[in-house]
Amino acid sequence: MECRVLSIQSHVVRGYVGNKSATFPLQVLGFEVDSINSVQFSNHTGYAHWKGQVLTAEELNVLYEGIKLNKVNHYDYILTGYSRDTSFLEMVVDIIQELKKANPSLVYVCDPVMGDHGAMVRITFKTLKSNVCCCVQVMDLLHQMGPETVVLTSTDLPSKHGDQFLVALGSQKTVKPDGTNATQKICMDIPKVDAVFVGTGDLFAAMLLAWTHHHPRDLKAACERTVSVMHHVIKRTINYANEMAGPGKRPSPAQLELRMVQSKADIENPAIVVEARVL
Ligand code: ADP
Ligand code: PLP
């Protein structure tokens, strides 16, 4: 069965963030991806210079209207990431509501990055992120707001393997055959690489979409595949970046662009290198 994703994210001419980070890996895994570029920038904003254009809420609506007039607004998933302003997000909400009418089983995958407001949420959340009970409470609170699946991609929780690992948590609510609710909570220790990558959050969200599609009631399996893809892509990226930078030099943002095309085989069939623990 064909599976179609509407992905509303950034486009960059050079490099891999937003739609550039999500489209290729989703296509490699067999998904049809319709992409709306919320911005078109030369490169991501971590470089010394960046230039480009931002799509307004009205321009977003025009693109959606075209899709709707042709009656091709049937999607299985909608995926959103980085967004700069609230009016744009309000238009995204209107579109999601319309898409839900066209397909009541539409799944919304939300990577909640939101410019400066996102930064505020992250600061408030930072103190909570170092306490496992707080993280679990945050995931339960998010469930109460609607999402069946919640993943905290990086926390400040100490890993039992030491400080070379970062801890990610996940929680999934399912309905058992007898009608009662069950929640599976999982924990993963991810080997840390000493560099700052950009576009990894976007790749994570895309891979979580793909692997929860294939394992809809098994968050452990979906997260193991997702995090293993991340690991392979990041390893390939850091090895290349270090080689390009030369001995003793820190790689530049351009050298640290994700090695996406080179990772095609790992995306398609990731060797599982990170195991999730059920909490
Ligand atoms: P965001 O960009 O949304 O803040 P995160 O920093 O949480 O995303 O990273 C998303 C995922 O990317 C992590 O769960 C991890 O799998 C991977 N990742 C990102 N940075 C690193 C790193 N330095 N070392 C190892 N894995 C990383
Ligand atoms: N989109 C743009 C244009 C960006 O500049 C960035 C980060 O700098 C992102 C998206 C988000 O990237 P990440 O997946 O690392 O959160």
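**Ligands and cores**

Author: Happy to. Let's start at ligand 1, where one of its nitrogen atoms sits 3.2 Å from a polar backbone atom of alanine 195. Keep in mind that this is a predicted model.

Reader: How much of what ligand 1 exposes alone does the protein bury?

Author: The protein buries 80% of the 550 Å² that ligand 1 exposes when taken alone.

Reader: Which elements give two or more residues to the shell around it?

Author: Those are strand E8 (181-191), helix H6 (200-214) and helix H7 (219-245). The largest share of the ligand 1 shell is from H6, with 3 residues.

Reader: And which residues come nearest to ligand 1?

Author: There are 14 residues around ligand 1, and Thr153, Ser154, Val193, Ala195 and Ile234 come nearest. Threonine 153 has a polar side-chain atom 2.6 Å from an oxygen atom of the ligand. For serine 154, a polar side-chain atom lies 2.8 Å from an oxygen atom of ligand 1.

Reader: How does that shell divide into nonpolar, polar and charged?

Author: The shell around ligand 1 has 8 nonpolar, 4 polar and 2 charged residues.

Reader: OK, on to ligand 2. Which residues are around it?

Author: Around ligand 2 you'll find Ser10, Val17, Phe41, His44, Thr45, Tyr82, Val198, Gly199, Thr200, Gly201 and Asp202. By class, that shell has 4 nonpolar, 6 polar and 1 charged residues. H6 turns up here as well, giving the largest share of the ligand 2 shell with 3 residues.

Reader: Which polar side-chain atom lies 2.9 Å from a nitrogen atom of ligand 2?

Author: That one belongs to serine 10. Threonine 45 also has a polar side-chain atom 2.9 Å away, but from an oxygen atom of ligand 2. From the backbone, an N or O atom of glycine 201 lies 3.1 Å from an oxygen atom of the ligand.

Reader: How much of ligand 2 does the protein bury?

Author: Ligand 2 exposes 400 Å² when taken alone, and the protein buries 85% of that.

Reader: Let's switch topic. What about the largest nonpolar core, which residues touch the most other members?

Author: In that core of 43 residues, they are Leu26, Phe31, Leu79, Met188, Met207 and Leu209. At least two residues of this core are supplied by each of helix H1 (18-28), strand E4 (77-80), E8, H6 and H7.

Reader: Which of those gives the most?

Author: H7 does, with 10 residues. There is also another core apart from this one, with 16 residues, among them Leu6, Leu60, Tyr64 and Val92.

Reader: You mentioned leucine 79. What is it in contact with?

Author: Leaving aside neighbours within four places in sequence, leucine 79 is in contact with a list of residues including Val5, Leu6, Ile8, Ala22, Leu26, Val109, Ala205 and Leu209. Ser7 and Gln9 are also among the contacts of leucine 79.

Reader: Where is it found, and what does it touch?

Author: Aspartate 266 is in helix H8 (residues 264-268). Not counting residues up to four places away in sequence, aspartate 266 touches Val229, His232 and Arg236. With arginine 236, aspartate 266 makes a polar contact of 2.8 Å between side chains.

Methods. Residues are numbered from 1 along each chain as its sequence is written. Chains are lettered from A and ligands numbered from 1 in the order in which they are written. This is a predicted model: local features need pLDDT of at least 70, side-chain atom pairs count only at pLDDT 80 or more; totals for chains, interfaces and linings use all residues. Side-chain values use heavy atoms; hydrogens and water are left out. Helices (H or I, at least four residues) and strands (E, at least two) are DSSP runs, numbered from the N terminus. A polar contact is a pair of N or O atoms within 3.5 Å; within protein, one must be able to donate a hydrogen and the other to accept it, and residues adjacent in sequence count only if both atoms are side-chain atoms. Contact means heavy atoms within 4.5 Å. A residue is near a molecule or strand if one of its heavy atoms lies within 4 Å of it. Accessible areas come from the Shrake-Rupley method with a 1.4 Å probe; for residues, only the protein chains shown count as cover. Ala, Val, Leu, Ile, Met, Phe, Trp, Tyr, Cys and Pro count as nonpolar, Asp, Glu, Lys and Arg as charged, and the others, Gly among them, as polar. A nonpolar core is a set of buried Ala, Val, Leu, Ile, Met, Phe, Trp, Tyr and Cys residues joined through side-chain atoms within 4.5 Å. Buried means under 20% relative accessible area, exposed over 50%, partly exposed in between (1.4 Å probe, protein chains only).
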